[in-house]
Amino acid sequence: MPKFLGLDPEEYNFDACSRDAAAVSSEKGRQLDRRLREYCAARTALEVETALNNAQIGCVRVLGARDQYADEHYNAREMTVPVLDRQSGVPIRVYGVVPKMSLTPGRIWRGAPSVGDDTTDILAKMLGLPEPEIAKLYQEKIVHRTEPFTTPQVDAVNP
């Protein structure tokens, strides 16, 4: 990085500028940081990413949500996936499973549940309540369940 920024790499080495908080806060560390900030401020994120990668300095832009939806790599890696929001009935995109593991791949199997969507399962499976007792809890309005939407109510903004 120092050489890329036009600084002497021997003088602005890792130990002098980056090893620990003291090195980062040192005069040389602050100068290296200032030079890098100035370089980045004068260019777009894509220009900085391209230039650093061409110099074989690992760099990647931090993408906003809109950029992630449009990015080919994000799409190929299923970093965002479409789901139906069961509370509103609106198709949305949510973040996919990270990290990606070949032997135990995760998956997004639904969006956030609607209010009370899991109540019956919790009462029956976790608490062991029998079905008549659960029905009575619903009847007496002690517990609540909102019927989830299962079809989109509007078109997706970011399909």
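Residues are numbered from 1 along each chain as its sequence is written, and side-chain values use heavy atoms, with hydrogens and water left out. Because the model is predicted, local features need pLDDT of at least 70 and side-chain atom pairs count only at pLDDT 80 or more, while totals for chains, interfaces and linings use all residues.

One aromatic pair is present in the structure. Its partners are Phe-4 and Tyr-39, arranged edge-to-face with 5.1 Å centre to centre and 75° between the planes. Rings of Phe, Tyr and Trp (its six-membered ring) are paired if their centres lie within 6.5 Å; planes under 30 degrees apart are stacked, those over 60 edge-to-face and the rest tilted. Phe-4 sits in the segment before helix H1 (14–17) and Tyr-39 in helix H3 (residues 27–41), so the pair ties together parts that are 35 residues apart in sequence. Helices (H or I, at least four residues) and strands (E, at least two) are DSSP runs, numbered from the N terminus. Phe-4 is partly exposed, at 28% relative accessible area, whereas Tyr-39 is buried, at 15%. Here buried means under 20% relative accessible area, exposed over 50%, and partly exposed in between (1.4 Å probe, protein chains only).

Tyr-39 also belongs to the largest nonpolar core, which has nine residues in all; Leu-7, Tyr-12 and Leu-32 are among them. Such a core is a set of buried Ala, Val, Leu, Ile, Met, Phe, Trp, Tyr and Cys residues joined through side-chain atoms within 4.5 Å. H3 and helix H4 (45–54) are the elements that give two or more residues to this core. Neighbours within four places in sequence aside, Leu-7 is in contact (heavy atoms within 4.5 Å) with Pro-2, Tyr-12, Gln-31, Leu-32 and Arg-35.

Attention now turns to strand E1 (residues 80–85), where Thr-80 is found. Thr-80 is buried, at 4% relative accessibility, and touches residues including Tyr-69 and Arg-93, when those up to four places away in sequence are not counted. Asn-158, in the segment after H8, is in contact with Tyr-69 and Arg-93, its neighbours within four places in sequence left aside. Asn-158 is partly exposed, with a relative accessible area of 33%. From Lys-100, Asn-158 is 58 residues away in sequence and 23 Å away in space, C-alpha to C-alpha.

Finally, Leu-127 lies in the loop between helix H7 (119–126) and helix H8 (131–139). Leu-127 is exposed, with a relative accessible area of 57%.
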